[in-house]
Structure formats: structure tokens, C-alpha cells
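Keep the viewer open and follow along.

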Amino acid sequence: MRNALRFLVVAALVATAAALGFGAASGALVAPGLPAVQAITPGPGEKVGITAPVTVRFAEPVADRARAEQSVDIRAHDPLTGHFSWVNDRQLQWTPAGYLPASSPISVSAGRLHTQFETNGGVSADGDMSNHTFTVFIGGVPVRTMPASYGKPGWETPSGTFPVMSRERYVTFDSATIGIPRNSPEGYLIQGEFAERLTSGGVFVHSAPWSVDSQGNANVSHGCINLSPADAEWFYNEVSIGDPVTLHW
């Protein structure tokens, strides 16, 4: 009789926890009343860089943002630290506080949706604008230093650490998108290759055969990081979305 009563009590507690929305597997709160989660990125099985953000997209506008944030659980072996920001009223973004662990599975639970992606071996790059070099590290070890050209006076490349936002095999560089009329002396409309976007304002690492003579000794671009075609192709093949690129003087 005691065992039967004990079983009923435990069952009642489990049912209550389920009704309140506590998921035993993830530790996240599956909060009733929140819109359904439509998608989580990075998606299942994707391999990304060690500063890759996680994006959660809800099916409808979210009224209780704090509750929505509490419903998200991101962990390697243990929960990871980071901060939340809202892209719009349906899209929540989590950015890691530091680097994600390299070569590790990262599990994400948001509402009732779960996914797992992986990080790469820790690819990063250092752009030295004073010495006109661009050095790539894997696992903290420098593997290739390349001559580079950065933004010229008046069009300086920004300093800071920027996660790679996208990889573009081909891209059109249009000066009008950064406020330079195409018909001005500084204007241009160029087809580029092997490009990685670093900022929403249009700073890329990319192949620049037109500036090879300046790479390694002068900054002549409108803010992008210019590499030779061979070096740009090599970096394109090594880099992932979310890899950090640090630019400095």
C-alpha cells in the first residue's frame, strides 16, 4: 500500500512539472502561452565558428520577451553564458559571452524545439592594419600570414572583433550601397569573389586582384580587407560562419 501511494505521489509531481512546462532533458522552460518556435539556427548538424550566434524564430510576435528568453537553453556539457537581443518582435538572438568550445557539439532547446550543431576547430583571424598583414589561426596556432590592404584615410576599416556573418563565392561591390555615387571619382561597381561579410555596413574580406601591388605595404581600400586571389580562396575554404576576425592597428 505504501509503495502504491508513493508511486501515485511521484506520478502527480511529474505530471505537475510537465504541466508547468519544465523539460527534464534540456532544463529550459517550455512556457505555456508563448508562440511556437518555428526555427533555430544554426540548424541540426551544421558546423560553425566559435563566436556563432544562435537565433530563435517564433511563429508570432512575442509579448513576454523575458519569458521567451527563459525558455531557451544552450549548452555544451554545461550551460553556456551569453546575452540575448531581439532582432525584431519574432526573432531572438543569443550571442556567447566569449568563445564557444572548439570542436564540440552545442545543444539548443527553445520551447518544444531541440537541435544540435557543432563548432569547428577554432578558426580565427587577426588583421594588423599597421603592418598590412592578415594572419589565420586554427586552435590558437598561426597557420598562414598573408599580405593585405585595408581602408585608406577617410574610409578606414573598423577596429574590433567581428564574427563572419556570411560567405559569398561571388558578390557585387557597389559603391552606392556605402554612400559613394558610382559616377564619382571614388565610385565603383565590381564583381568580387571569395568574400566573407564582417559587418552589415558592407565590410568584407575578399579577393582583390586590383590591389595586389599594395597588399602588404599600403591601405588603399574603401574599408574592406583586400587579399590576393589565391589567399582569398584559401581563407574562403577554411573559414566558417561565426569565426572571429579581429582587426586592429
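Aspartate 174 counts as buried, because its relative accessibility is 14% and the cut-off for buried is under 20%. Bear in mind that this is a predicted model, so treat each value here as computed from predicted coordinates. You'll find aspartate 174 in strand β13, which covers residues 166–174. Its side chain makes a polar contact of 2.5 Å with the side chain of arginine 182. Leaving out residues up to four places away in sequence, aspartate 174 touches Arg182, Tyr188 and Leu189.

One of those residues, Leu189, leads us on to strand β14, which spans residues 189–197. Strand β14 runs antiparallel to β15 (residues 204–207), and 2 bridges join the pair. Which residue of β15 is the bridge partner of arginine 197? That's phenylalanine 204. The hairpin of β14 and β15 has 6 residues between the strands, and in it glycine 202 takes a positive phi near 105°. Strand β15 also pairs with β16 (residues 225–227); this time the strands run parallel, with 3 bridges between them. Here valine 205 has isoleucine 225 in β16 as its bridge partner.

Now for another sheet. It is an open one of 5 strands with mixed pairing, and the order is β11-β10-β9-β17-β12. β11 (141–147) and β12 (160–163) stand at the edges; each has a single partner strand, so one side of each lacks a neighbour in the sheet. From one strand to the next, the twist averages 20°.

In soluble globular proteins, nonpolar side chains tend to be buried together. In this model the largest nonpolar core has 22 residues, and those with the most contacts inside it are Phe134, Leu198, Ile225, Leu227, Phe235, Val245 and Leu247. At least two residues of this core come from each of β9, β10, β16, α3 and β17. Which element gives the most to this core? It's α3, with 3 residues. Zoom in on phenylalanine 235 and, neighbours within four places in sequence aside, you'll see contacts with Ala125, Phe134, Val136, Glu196, Val205 and Val245. There is also a second, separate core of 20 residues, including Ile40, Val48, Val62 and Ala68.

Finally, zoom out to the whole protein chain. It has 3 helices and 17 strands, and 42% of its 249 residues count as buried. Of the contacts with a separation of 6 or more, 58% are between residues 24 or more positions apart. The accessible surface comes to about 12800 Å², and carbon and sulfur atoms account for 55% of that.

Conventions. Residues are numbered from 1 along each chain as its sequence is written. This is a predicted model: local features need pLDDT of at least 70, side-chain atom pairs count only at pLDDT 80 or more; totals for chains, interfaces and linings use all residues. Side-chain values use heavy atoms; hydrogens and water are left out. Two strands pair if DSSP finds at least two bridges between them. Helices (H or I, at least four residues) and strands (E, at least two) are DSSP runs, numbered from the N terminus. Axes are lines fitted to C-alpha atoms, for helices over the stretch in contact, and angles run from 0 to 180 degrees between N-to-C directions. Buried means under 20% relative accessible area, exposed over 50%, partly exposed in between (1.4 Å probe, protein chains only). A polar contact is a pair of N or O atoms within 3.5 Å; within protein, one must be able to donate a hydrogen and the other to accept it, and residues adjacent in sequence count only if both atoms are side-chain atoms. Contact means heavy atoms within 4.5 Å. Accessible areas come from the Shrake-Rupley method with a 1.4 Å probe; for residues, only the protein chains shown count as cover. A nonpolar core is a set of buried Ala, Val, Leu, Ile, Met, Phe, Trp, Tyr and Cys residues joined through side-chain atoms within 4.5 Å.
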